Amino acid sequence: MSEASIVRRASYGPSSPAVGARGASTRSRITEVSLELFGRLGYFDTSVDAIAKAAGISRAALYQYFQGKDEIFLELLNECGSALFRVARRIGPMGPDETGFDNLNWWLGEWSWVFEKYSTMFVQWTAIASSDTKVRPAITGFVRSYNHRLAERLAASGLQGLDPEVAAMTMTALVHRINLFVHTDRAYGRSAKDAVDTLSVFLQLVLFPDTPPEVLKSLRLHASPDPAADVDAVPVPDAPDLAGLSITERTANLSKRAVATVTTLADAGAAQFRARGYRSTSVDDIVAAAEVARGTFYKYFSDKQDLLAAVGAEVYAAGKAFAERIAQVDPVADESTLRHWLATYVEFYDRYSGCIDAWAEGTTDDATIVGIGENGQVLMDIGAARMLIRRPTAYPYDPVISALILRSLVTRVPEAALDLPEQLSQDDVIDLLMTCIKRGFFAQSK
């Protein structure tokens with residue numbers, strides 16, 4: 001992202017749009033208080049009036065420098081993006097040797113440092129990127145540009161077996177998601193360094209599976225003496241009380257026609273949450289997609305959060321079943337079973353991504369919905385960890401961090417692949433996930 005000149009809007013500014021030291025100070029104060037408010041309240045719950053009040057200026061004065069909070073966010077995104085680009089420009093050559101591995105680990109560590117410095121932006125970035133906002137295209141454009149620069153470095157490093165653009169997309173998707181888990185207290189107490197170092201080994205093997213073992217040992221990762229005990233020690237939140245909440249239970253005594261209507265509304269809600277984001281979706285959007293009257297919606301649901309809870313109950317049951325199944329898979333001997341699980345889970349996650357994001361990103365504070373998300377995510381991580389420890393991995397990974405990497409892989413990479421210049425087919429996405437698992441965890445290049 002390029003640095004823009006500091007100017008006032010033509011409708012408010014004097015004859016010369018450039019601002020002096022006082023104006024630059026005001027503009028800087030606006031962005032600083034906005035960053036604090038975005039972090040404390042969230043982007044969507046921060047109003048222009050709140051920003052102006054925190055900056056000690058009038059709403060009209062704020063509009064002399066920014067058209068609205070979208071433009072303020074883009075200003076902050078530009079600052080954050082510039083820091084990431086500076087890191088990208090300094091990446092040394094990568095490859096299957098000690099120098100290449102050290103450069104990869106350095107890049108991941110620097111990304112983590114930038115993430116910590118701009119953690120508010122990265123957390124809000126995730127929420128905004130999944131919603132239908134004016135900022136979303138700017139985020140997509142930045143990610144494509146950044147991945148292209150990284151792909152050029154990978155191509156120059158002799159990458160084989162993976163398309164450089166696809167490999168770069170996978171790298172940035174994983175490092176962003178892993179840091180998000182760490183900085184939102186969803187990494188089970190693992191430090192950023194432990195998570196980044198483990199991800200370094202995983203990605204090194206994904207990119208260069210012929211890397212000698214002695215190169216990987218330079219990081220001295222913590223080796224678990226009893227991986228199964230580590231997994232069993234993961235605290236599981238109480239299961240949510242879903243009695244009477246699911247679509248199935250709500251429609252138990254209804255006519256077939258009414259059941260069909262409720263199901264249509266639920267499907268329309270899930271689809272709108274996916275396309276627009278939960279917060280940006282209105283009841284009007286849902287009824288329009290379902291082609292029913294607004295009054296019909298309120299006959300079965302009190303509001304859109306009630307619909308989210310109903311769909312969430314269905315998603316929780318399905319997610320719990322997915323977690324139980326993956327725990328039983330041998331990732332080496334049962335390749336076809338693993339592939340089938342990946343294909344069905346990716347399809348499931350994509351369909352309900354808007355609902356899952358709503359609780360994963362704290363969009364709603366409803367206790368039942370939060371409980372669905374917290375308990376469901378832990379069960380999935382435990383299932384993934386149990387699958388991974390069934391076979392000796394290429395390196396003595398922490399099984400819990402490994403599970404976080406796997407969850408990041410199957411949830412974020414398929415979404416990120418949609419923004420590639422040339423989109424991948426569903427089979428191509430599953431091939432990519434299988435390649436990453438086989439190479440990254442088990443050093444299997446074929």
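**Close-ups of a predicted model**

**View 1. Helix H18 and what sits around it.** The buried residues of H18 are Ser 353, Gly 354, Cys 355, Ile 356, Asp 357, Ala 358 and Trp 359. Keep in mind for this and every other view that the model is predicted. H18 runs over residues 353-360, and seven of its eight residues are buried, so the helix counts as mostly covered, with buried meaning under 20% relative accessible area. What does the covering? Among the elements over the buried residues of H18 are helices H13 (256-276), H16, H17, H19 (367-388) and H20 (399-417).

**View 2. Helices H16 and H17 side by side.** On the H16 side, look for Val 315, Ala 318, Gly 319, Phe 322, Arg 325 and Ile 326; H17 brings Leu 338, Trp 341, Thr 344, Tyr 345 and Phe 348 to the contact. Sorted by class, the contact residues of H16 and H17 come out as eight nonpolar, two polar and one charged.

**View 3. Helices H8 and H9, another packed pair.** Here H8 (residues 164-183) meets H9 (residues 192-207) at an angle of about 160 degrees, with the axes 10 Å apart. That makes H8 roughly antiparallel to H9. Is the crossing left-handed or right-handed? H8 passes H9 in a right-handed crossing. From H8, the contact takes in Ala 167, Met 171, Leu 174, Val 175, Ile 178, Asn 179 and Val 182, while H9 supplies Ala 192, Ala 195, Val 196, Leu 199, Phe 202, Leu 203 and Leu 207. In this contact of H8 with H9, 13 residues are nonpolar, one is polar and none is charged.

**View 4. Phe 202 and the largest nonpolar core.** Stay with Phe 202 of H9, one of the residues in the contact with H8. Which residues touch the most other members of the largest nonpolar core? Out of 152 residues in that core, the answer is Leu 62, Trp 107 and Phe 202. Helix H8 makes the largest contribution to the core, with 12 residues. Leaving aside residues up to four places away in sequence, Phe 202 touches Leu 174, Tyr 397, Ile 405, Cys 436, Gly 440 and Phe 441. Leu 174 on that list belongs to H8, where it is part of the contact with H9.

How values were computed
Residues numbered from 1 in each chain as written. Predicted model: local features only at pLDDT ≥ 70, side-chain atom pairs only at ≥ 80, totals over all residues. Heavy atoms only, no water. Contact = heavy atoms within 4.5 Å. Helix = DSSP H or I, 4+ residues; strand = E, 2+ residues; numbered from the N terminus. Nonpolar A, V, L, I, M, F, W, Y, C, P; charged D, E, K, R; others polar. Core = buried A, V, L, I, M, F, W, Y, C linked by side-chain atoms within 4.5 Å. Buried < 20%, exposed > 50% of the residue type's maximum accessible area, 1.4 Å probe, protein only. Axes fitted to C-alpha atoms, helices over the stretch in contact; angles between N-to-C directions. Parallel < 35°, antiparallel > 145°, perpendicular 65-115°, else oblique. Left-handed = near helix turned anticlockwise from the far one by under 90°.
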